[in-house]
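Open the model in a viewer that can select residues by number. The stops below go from the whole chain to single pairs of residues.

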Amino acid sequence: MSEMKENTQGKLPRKERERLVRRTEILHAARVIFAEKGLHETTLDEIAEKAELAKGTLYGYFESKEDLFFSVLEETIHNLEKVIKETSSSGLPPPEKISIMIKTILRLFEENVDLMQLMTRNQPGVLMHKMQEKMKVHFRSLILSVSGVLQEGIHQGFFDKIDTEKAAAAFFNLIHGNAMNSFWHQQKINNKEDLKFLVNFYLSGITKYDTKGTK
């Protein structure tokens with residue numbers, strides 16, 4: 001009866017909610033261990049201990065250590081997709097959308113330092129070999145969202161006529177490269193100077209007007 005009531009209120013049944021909570025706890029434990037030791041050196045026993053669960057319980061949620069590793073990456077990418085889509089669908093001017101996206105992505109990197117460690121410990125080739133097609137879908141979604149903002153800016157006269165997909169790819173490469181550089185030098189990732197530099201540097205290459213002072 002209580003589960004039926006919860007369903008009518010738009011909530012998941014209690015068992016499903018508990019399962020989602022436990023899955024989140026496993027992902028959190030996994031990302032910490034993966035960040036510390038990398039994919040190959042991490043064991044499921046260590047993750048289970050960190051999550052305070054029996055090792056066998058992990059297999060009820062993930063098929064293998066590799067599946068768990070990629071799920072950690074996917075979770076972060078999903079968060080990034082959400083941020084980008086929310087900003088792109090707002091009614092703000094395109095240049096301001098770009099500025100907000102850069103600021104938000106930098107903050108996401110800063111809040112996920114363990115992911116930065118994970119990315120430095122595991123070569124992209126491992127990811128692409130195992131999950132190439134699956135990850136392509138996520139990255140394609142990100143590229144199209146930013147490309148849409150750039151197209152909007154072109155139509156409204158803010159941006160020059162450019163290849164918006166290439167410009168979107170450059171957008172992510174610029175932010176990621178700057179974040180990794182700050183991480184390697186143990187500097188604050190999301191700081192005002194970097195934000196101002198990235199916004200002005202990127203917009204100056206695509207806009208029809210002086211972007212000095214853009215925030």
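A residue counts as buried under 20% relative accessible area, as exposed over 50%, and as partly exposed in between. Those cut-offs are applied here to a predicted model.

**Whole chain**

Start with a cartoon of everything. Now switch to a surface. The accessible surface of the protein chain is about 12,600 Å², and carbon and sulfur atoms hold 52% of that. Of the 215 residues, 45% are buried.

**H2 against H3**

Select residues 14-41, helix H2, together with residues 44-51, helix H3. The two axes cross at roughly 145° and come within 9 Å. The crossing of H2 past H3 is right-handed. On the H2 side, the contact uses Glu25, Ile26, Ala29, Ala30, Val32, Ile33, Phe34, Lys37 and Glu41. On the H3 side, Glu46, Ile47, Lys50 and Ala51 take part.

**Salt bridges**

How many salt bridges does a search of the whole structure find? The search finds six; three of these pairs are visited here, starting with Arg31 and Glu75.

Show the side chains of Arg31 and Glu75, whose closest N and O atoms are 3.9 Å apart. Arg31 sits in helix H2 and Glu75 in helix H5 (residues 65-88), so selecting both shows a link between distant parts of the chain, 44 residues apart. Are the two partners buried or partly exposed? Arg31 counts as buried because its relative accessibility is 8%. Glu75, at 25%, counts as partly exposed.

Next select Lys55 and Asp45, a salt bridge with 3.6 Å between the closest N and O atoms. Lys55 belongs to helix H4 (residues 55-58) and Asp45 to helix H3, so this pair ties together parts 10 residues apart in sequence. Lys55 has a relative accessibility of 33% and therefore counts as partly exposed. Asp45 is also partly exposed, with a relative accessible area of 45%.

Move on to Arg140 and Glu165, where the closest N and O atoms of the salt bridge are 2.7 Å apart. Distant parts of the chain are linked again: Arg140 is in helix H8 (residues 124-155) and Glu165 in helix H9 (residues 164-184), 25 residues apart. With a relative accessible area of 40%, Arg140 is partly exposed. Glu165 is partly exposed at 31%.

**Helix H6**

Select residues 94-111, the 18 residues of helix H6. At 1.5 Å a residue, the helix should span 26 Å, and its end C-alpha atoms are 26 Å apart, which agrees. Which residues of H6 are buried? They are Pro94, Pro95, Lys97, Ile98, Ser99, Met101, Ile102, Thr104, Ile105, Leu106, Leu108 and Phe109.

**Lys188 in its loop**

Finish at Lys188, in the loop between H9 and helix H10 (192-204). Apart from neighbours within four places in sequence, Lys188 contacts Glu110, Ser182 and Asp194. Draw the C-alpha to C-alpha distance from Lys188 to Glu110: the two are 7.6 Å apart in space and 78 residues apart in sequence.

Terms used: Residues numbered from 1 in each chain as written. Predicted model: local features only at pLDDT ≥ 70, side-chain atom pairs only at ≥ 80, totals over all residues. Heavy atoms only, no water. Helix = DSSP H or I, 4+ residues; strand = E, 2+ residues; numbered from the N terminus. Expected span 1.5 Å × (residues − 1). Buried < 20%, exposed > 50% of the residue type's maximum accessible area, 1.4 Å probe, protein only. Salt bridge = Lys/Arg side-chain N within 4 Å of Asp/Glu carboxyl O. Areas by Shrake-Rupley, 256 points an atom, 1.4 Å probe, with all protein chains shown as cover. Contact = heavy atoms within 4.5 Å. Axes fitted to C-alpha atoms, helices over the stretch in contact; angles between N-to-C directions. Left-handed = near helix turned anticlockwise from the far one by under 90°.
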